[in-house]
Amino acid sequence: MEIDSVRVESSVWVGNRRYRALLSGWYFSWTELDKKNREKKTVSVPIGEVVAVAEGRVEIQPQKKAEDVDRDFTLFYVKRRNGSGGKGTTWTLGRTQFCCPSRDLRDQWVAQLKTALKTHCSSRPHRLLVFINPYGGKKRGKQIYHSLVAPLFELAGISSHVVVTERANQARDHILKKDLTGFDGVVCVGGDGMFSELLHGVIGRTQQEAGISEHDPTVMLQPCDLHIGIIPAGSTDCVCFATVGVNDPVTSALHIIIGDSQPLDVCSVHHQSTLVRYSVSLVGYGFYGDVLAESERHRWMGPLRYDYSGCLVYLCNRSYRGIVQYLPADPQISSPRDNTRCLSGCRVCSESTERLFPHSDSCSSLYSRQLSQYSAETEGEWISVEGRFRCVSLTCMSSSCPKSPKGLSPSAHLADGTGDLILVRDTNPLGFLTYLHRHTNTQDQFDLPFVEVHRVKAVRFCLPPEEDNDFGEEGREQPGVLEGVLEDPEKLRESDIESCRDGSQQYLAETQKREMKEKGKKRELFCGLCCRKPPAVSVWNCDGEILPYTEISCRVRGQLVRLFARGIEDEGGSQKCREGSRNCKGRCVLHT
């Protein structure tokens with residue numbers, strides 16, 4: 001029975017008011033009637049956003065309780081709440097209790113609504129593997145999950161296996177090595193670092209099962225079927241903010257429950273023929289790398305260390321020489337200066353799917369290697385830029401966060417197979433401060449003479465010959481970082497990206513050792529960093545982790561993973577569709 005053919009209609013009561021309830025097509029709606037049967041306010045909920053339907057009177061807050069009333073049933077659904085002060089739209093759990101004229105009619109409503117859910121929402125997850133980072137952000141991961149998320153999962157009939165992590169990369173290792181049969185997705189309760197672990201685990205396992213080498217930058221990787229969910233509980237939660245629009249645990253949990261699916265581009269970072277790490281938000285050299293390196297010395301400060309380190313690094317007024325080569329994307333498709341935003345249902349991302357996967361209907365897992373090899377003849381001409389830069393940044397998304405609502409690149413897309421390369425050349429301190437400040441307001445940060453931005457498919461970075469010769473290996477590998485691994489490249493292959501997380505800690509240890517050797521040199525708190533000898537090279541910040549190499553190559557992997565999300569919703573376009581529109585498939589917002 002197709003859902004379009006289902007139509008159920010009757011009178012019901014909500015409290016002491018009479019309504020006409022209607023289940024038709026993709027929607028369930030109820031319209032208030034006055035004493036003369038004249039219609040008043042109507043509330044319409046897409047079937048795709050119904051969380052659960054239960055017999056009787058059911059409540060889950062402050063704790064779940066159910067009262068079996070013969071003629072009543074309770075509907076739980078997604079309810080939107082527009083944020084104030086320019087904040088995004090949050091989702092809350094809507095609850096409405098209906099009373100029917102008879103028990104038989106109540107049973108009919110419950111049965112039809114449950115049938116509609118099974119028919120329309122077959123892609124919803126039923127079993128999830130949940131990883132909780134108890135140390136991330138404000139260390140509230142376990143509290144957030146058990147008090148806000150777990151009751152929603154239980155209400156929706158989702159079973160979950162919870163793993164509270166005790167060490168770095170435990171989640172990644174679990175995904176790579178354990179049996180995941182029966183799981184419909186993996187969920188992280190934590191920040192961007194925890195998400196990165198799941199990202200590396202899901203991609204690594206998928207490539208292993210497909211027999212594809214992650215270290216070959218010329219091979220298109222196999223897209224991952226296992227969805228990733230993010231419950232924000234970290235310091236910045238950039239990935240969640242850029243894909244959902246808010247950092248709210250309940251909103252993210254509801255996206256997971258209704259089975260939203262958002263493809264996401266991933267950037268693979270290589271050194272020579274070895275995969276170093278994957279990135280989705282930022283691969284940054286210069287200012288952003290220096291801030292991360294400095295923040296490692298002040299981990300005791302918590303999230304405040306990033307603001308503190310940012311001020312210190314800015315005062316140092318550093319710039320670095322380098323050669324940036326990039327492979328430009330097709331400018332006819334989109335541009336980083338076109339003043340558009342990647343929102344839910346983005347046309348550019350939707351049209352990119354067919355371009356990225358022309359043979360996606362093939363059931364062979366070998367199609368990636370056989371048909372999607374990157375061809376030197378078709379990928380285009382590489383462009384080279386040499387100079388002295390304040391920072392070099394590559395991002396596959398807007399990288400927005402609460403402190404920077406528009407992000408590093410406001411017009412970047414989540415799933416178009418491209419990234420935005422931002423080059424900030426050396427300039428005076430006031431000019432660079434203007435660039436940084438524009439990230440926090442509505443002014444165009446690219447509208448400055450020393451800033452350029454390019455939409456790209458791949459990027460290479462190396463040091464100029466004279467710089468490389470003057471400073472030797474320091475220009476190629478970070479001193480003291482991963483010495484044992486770098487002596488034998490095979491060790492990096494065997495341990496994958498685990499050593500890159502260790503790189504941040506080892507960078508801190510080596511920095512402290514060098515400072516201890518400088519006996520008799522006392523520095524003041526705020527001038528210490530500025531008074532040091534300027535380093536020859538910076539470090540790469542890859543989604544909050546320091547990379548052990550300076551010379552790297554990056555390639556954007558289009559729609560490599562899928563998140564339980566739908567992109568940022570357009571607040572101004574929520575009332576455009578009406579009941580009966582088959583194009584929206586029940587995804588439109590018709591209720592408040």
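**Exercises: strand pairing and helix packing**

Strand E17 (residues 320-328) pairs with E18 over seven bridges, in the antiparallel sense. The model is predicted: local features need pLDDT of at least 70, side-chain atom pairs count only at pLDDT 80 or more, and totals for chains, interfaces and linings use all residues. Residues are numbered from 1 along each chain as its sequence is written, and side-chain values use heavy atoms, with hydrogens and water left out.

**Exercise 1. State the pLDDT of the chain and of residues 361-377.**

Step 1. pLDDT is the predictor's confidence in each residue, from 0 to 100. The protein chain has a mean of 84, and 80% of its residues reach 70 or more.
Step 2. Residues 361-377 fall below 50. Beyond near neighbours in sequence, this stretch has 29 contacts (heavy atoms within 4.5 Å) in the model.
Step 3. Residues 518-527 are also below 50, with six contacts beyond near neighbours in sequence.

**Exercise 2. Find the strands that pair with E18 (residues 383-395).**

Step 1. Strands (E, at least two residues) and helices (H or I, at least four) are DSSP runs, numbered from the N terminus. Two strands pair if DSSP finds at least two bridges between them.
Step 2. Take E16 (residues 283-286). Four bridges join E16 to E18, and the two run antiparallel. Gly-284 has Ser-393 as its bridge partner.
Step 3. Return to E17. Seven bridges tie E17 to E18. Gly-387 in E18 stands opposite Gly-322.
Step 4. Val-424 in E19 stands opposite Cys-391.

**Exercise 3. Describe how H2 (residues 141-155) packs with H6 (residues 249-257).**

Step 1. Read the geometry. The angle is about 30 degrees, and the axes are 10 Å apart. Axes are lines fitted to C-alpha atoms, for helices over the stretch in contact; angles run from 0 to 180 degrees between N-to-C directions.
Step 2. Classify. Angles under 35 degrees count as roughly parallel, over 145 as roughly antiparallel, 65 to 115 as roughly perpendicular and the rest as oblique. H2 and H6 are therefore roughly parallel.
Step 3. List the contact. H2 residues including Ile-144, Leu-148 and Phe-153 meet H6 residues including Val-250, Leu-254 and Ile-257.
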